[in-house]
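Let's take a walk through this model together, strand by strand and ring by ring. Have the viewer open and follow along.

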Amino acid sequence: MSASIVHLTEGSFDEVINAADRPVLVDFWADWCGPCRQIAPILDEISAEKADSIQIAKVDVEANGGLAIRFGVKSIPMMLLFKDGEIAHSMIGARNKEQLLSDLAPYL
């Protein structure tokens, strides 16, 4: 996993999101989720290639159930893009790199 990906917890979530100087894509995931494992290397690549324009963060829904409830996570992977501390876009399900970058382009 990329060193630039931040792992968020219920204790660190708000601080990291509100202090971000660029959009933050938060991936809600779990170890047992096949599509989550499928998208993980794509998020690693985007984190490395687009470090100046986006921060990638991950929330393990098993360890941080309160965040899953707070954001209405019912299916994973679910990704929320935060811009200026607010949800700007949401995506559910795995997608390839081109699709993900296309979905994110208007916000970067």
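Start with the sheet, where Val6 has Ala57 in S3 as its bridge partner. Helices (H or I, at least four residues) and strands (E, at least two) are DSSP runs here, numbered from the N terminus. Before going further, keep in mind that this is a predicted model, in which local features need pLDDT of at least 70 and side-chain atom pairs count only at pLDDT 80 or more, while totals for chains, interfaces and linings use all residues. Residues are numbered from 1 along each chain as its sequence is written, and side-chain values use heavy atoms, with hydrogens and water left out.

Back to the strands. S1 (residues 6-7) and S3 run parallel and are joined by two bridges; strands pair if DSSP finds at least two bridges between them. S2 and S3 also run parallel, with six bridges joining them. One place to look is Trp29, whose bridge partner in S3 is Asp60. To get from S2 to S3, the chain passes through helix H2 (residues 34-49), and this β-α-β crossover is right-handed. In other words, with the strands pointing away from the viewer, the path from the first strand over the helix to the second runs clockwise.

How covered is strand S3 (residues 55-60)? Six of its six residues are buried, where buried means under 20% relative accessible area, exposed means over 50%, and partly exposed is in between (1.4 Å probe, protein chains only). Gln55, Ala57 and Val59 point one way from S3, Ile56, Lys58 and Asp60 point the other way, and all are buried.

Now for the aromatics. Rings of Phe, Tyr and Trp (its six-membered ring) pair if their centres lie within 6.5 Å; planes under 30 degrees apart count as stacked, over 60 as edge-to-face, and the rest as tilted. By this rule there are four aromatic pairs. Take Phe13 and Phe71: this pair is tilted, at 5.1 Å centre to centre with 45 degrees between the planes. It links distant parts of the chain, since Phe13 is in helix H1 (residues 13-19) and Phe71 is in the loop between helix H3 (65-70) and strand S4 (78-83), 58 residues apart. Phe13 is buried, with a relative accessible area of 1%, and Phe71 counts as buried at 15%.

Phe71 has another partner in Phe28: the ring centres are 6.0 Å apart and the planes are at 50 degrees, so this pair is tilted. Phe28 lies in strand S2 (residues 24-29) and Phe71 in the loop between H3 and S4, so the pair ties together parts that are 43 residues apart in sequence. Phe28 counts as buried too, at 0% relative accessibility. Step back and you'll find ring pairs linking Phe13, Phe28, Phe71 and Phe82 into a cluster.

Next, the cysteines. The structure holds one disulfide, a term for a pair of cysteine sulfur atoms within 2.5 Å. Here Cys33 is joined to Cys36, with 2.4 Å from S to S. The torsion about their S-S bond is about 75 degrees, so the disulfide is right-handed. Cys33 is buried, with a relative accessible area of 3%, and Cys36 is buried, also with 3%.

Finish in helix H1, the place of Glu15. Is Glu15 buried or exposed? At 62% relative accessibility, Glu15 counts as exposed. Glu15 and Gly34 are 19 residues apart in sequence and 30 Å apart in space, C-alpha to C-alpha.
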